[in-house]
Amino acid sequence: MRDAVADLVRDGDTVAIEGFTHLISFAAGHEIIRQRKRDLTLARLTPDVIYDQMVAGGVARKLVFSWLGNPGVGGLNAIRRRIEAAPVAASGEPALEVEEYSHFGMVGRYVAGASNLPFFPLRSYFETDMPKANPLIRPIESPYGDGIVYAVPPLRPDVTIVHAQRADENGNTQVWGLLGCQKEAAFAAERVIVVVEELVDESVVRADPNRTIIPGLIVDAVVVEPFGAHPSYVQGAYDRDNRFYLDWDPISRDEDATQAWLREWVHDLAGRAAYVEKLGEKRVATLRPGRAPSGVVDYGDYR
Amino acid sequence: MSVDAGTFTKSEMMIVAAARELAGQHVCFVGVGLPNIAVNLAKRTVAPDLELVYEAGVFGARPARLPLSIGDPTIVTGATAVTSMFELFAFYLQGGLVDVGFLGAAQIDRFGNINTTVIGEYGAPATRLPGSGGACEIAINAREVFVIMRQSKRSFVERIDFRTSPGNPGGDVAGATRAEQGWLGRGPSVVVTDLGIYRFDDSGEMGLESLHPGATVEEVRSTMGWEPRIADPLGMTVAPTAVELRLIRAELDPGGAYTK
C-alpha cells in the first residue's frame, strides 16, 4: 500500500475512493493521510467517515460529492467545520471548496468520463437550486426537439481506488454485493489502485468471468490488505462495524479528539496489518457474518 | 415481548401511519433515515409484496434485519437483483418503474418542496446538511412521492432555504406543469409527521387530513410556518396496534434509534 500510494497518488490530484457504503478503502485513505498528501480534490458520492478523516488529516482542498453524511448516524463533523460559516470564520482557515451533485449526477459524470463523452444527460435538477449552487449543472435542449434535460460534465479522476473481495495478480478484479459505481469510476480514471481481501489465482477469475467488474487492463496496482475496508464492510467477509460509526460522531465533534484519533490509529501505525492487530481479534470476530453461499452455475465447456 | 398498545411515542405513531400509506403499492424507492423503518414495517404488515428499491443498487430487497444504513449488506442477501447504481437510477427510476419514492426532509414548504442541503446561505451555511443524494431525481421521476418527517417551526417553513428536491406543482418554468415538462412523477402526495397526515389538493398545497391520537390542531398550528388548510371533518389516525408496536420495538428498532 505504501508504494502504491507513494507512486500513484500525487499532490493536487483528483482522487476517487469509491464504494457505496460497501467496500470503502479506509486502508488507502489512511495511507494517503499518513503520507501527508496535499491539495487533493476528493471525489465520492458519499464522503462517509473516510473523507471526514482525510479532510481532518489535512490532505484535501476540495470535495466533489452528492451526499455528505455519516450513514445511519448523522453529519460529518470535521468536514462541516471546514464548510459552515461560524467555525470557518473562527478558524481563519480557508473553507473547503465544494462541488455538489445528486447521486445520479455523480454516477453520470463517471459514465461520461469512462465513455469519453463531453457530458451526461439526465432527468434531474428541474426547478431546484442545485444548478445555481453548481453552475456546471446545465440545461440542454434535446437535439431531437423533445424538451430539456440537464447535463453534467465528465469526471475523470487522476486516481480511482476501489476495495474488492478478490483479484488476481494481473488486477482482474471481482466483486459481489453492492456494486455502487466502482466500475464506472475505475474506467473513468487515469490510474487505478485495487485493494483486495484476497489475491487469487487467475483460474479462479476465469472460472467465473461474470463477476469481474474491473479488468487488469486498466489497473496500475493491486494491494492485498485483508480487513482494509473496516469499519465499512465486505459482503460475505465482514459486517459494517456500526460501533465505530457511532463512536466517530463524538470524536469528530472535537478537533483535538479528532487529531488524537488520527495520531493513534493512522500516523502511529505502520499500516493496515498493525491497525487490524490493534483492533483486536475479538472485535474482528464479532463482525463475521453467517454463511449464505450462492448456487453454482455451469458456464459449459465448449471446444 | 408483551406490548402495551395503550402507550406509544409520537415517533412510533408517525412510523406506523407512514407504513400504512404503502398499502396497495408495488415498487417503493426507500430513502435515507425514517423512510427506511417505515417501509420495512410496511413490508411486514400492510404490504408484504412490496418491492423495495435501494439507491445503493438493489431491487427486491428482503432485509432480515433493519438495515443500519441504506447500503447495509442485509439488503443484498436474498434480494431479487443487485444492480449498478447506474442501472438503478437510469433504468429503474428514470425508466419509470418506481411507484413511490419515500423521502425524509430537513425542511419542507406547503407545496412539498424539500430542502436537505443547507440551513442559511449556500456559500456560507449556518448548518451543512447531507445534500441531495438521490432525492432530487427521485422527486422528479418516482410516480409519486411520500414524505415522512417531524414537524416544527424549523422544519415546516414558509420559505425553504434551498430547494434540493422539487415539490408541487412543478410550475416554475413559464407555468408549465410537471407533465408538460416531461417529468414522470406527479410529485408529493402525502406527508406524514409526528402530529398528523397531510395530503395535497389540486393547487399543489398540502392540508391536514388526519390528526394523530393525542395531537391537537393547536399543536399543529404552533409547529408550522404557515396557516395550514385543515380538512372538515378532520380525520383521526387509528392508533398503532399491538402488532405494529411489537414489530417496531422487538424486531425493527430495539435500540430505539428511530423512535425515541
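How are helices H1(B) and H2(B) oriented to each other? The structure that provides the answer is a predicted model, in which local features need pLDDT of at least 70 and side-chain atom pairs count only at pLDDT 80 or more, while totals for chains, interfaces and linings use all residues. Residues are numbered from 1 along each chain as its sequence is written, and chains are lettered from A and ligands numbered from 1 in the order in which they are written.

Two packed helices are described by the angle between their axes and the distance between the axes. In chain B, the axes of helix H1 (residues 10-20) and helix H2 (residues 34-44) come within 8 Å and cross at roughly 60°. Helices (H or I, at least four residues) and strands (E, at least two) are DSSP runs, numbered from the N terminus; axes are lines fitted to C-alpha atoms, for helices over the stretch in contact, and angles run from 0 to 180 degrees between N-to-C directions. H1(B) and H2(B) are therefore oblique to each other, given that angles under 35 degrees count as roughly parallel, over 145 as roughly antiparallel, 65 to 115 as roughly perpendicular and the rest as oblique. On the H1(B) side the contact (C-beta atoms, placed from the backbone, within 7 Å) is made by B:Ile15, B:Val16, B:Ala18 and B:Ala19. H2(B) contributes B:Leu34, B:Ile37, B:Ala38, B:Leu41 and B:Ala42.

A residue is buried if 20 or more other C-beta atoms lie within 10 Å of its own, exposed if 12 or fewer, and partly exposed in between.

Strand S11 (residues 188-192) of chain B has 4 of its 5 residues buried, so it is largely enclosed by the rest of the structure. Strands pair if DSSP finds at least two bridges between them. S11(B) runs parallel to strand S10 (residues 144-148) of chain B, joined by 4 bridges, with B:Phe146 partnered by B:Val190. With strand S12 (residues 196-200) of chain B, S11(B) pairs in the antiparallel sense over 3 bridges, and a hairpin of 3 residues joins these two strands.

Definitions and conventions. Contact = placed C-beta atoms within 7 Å.
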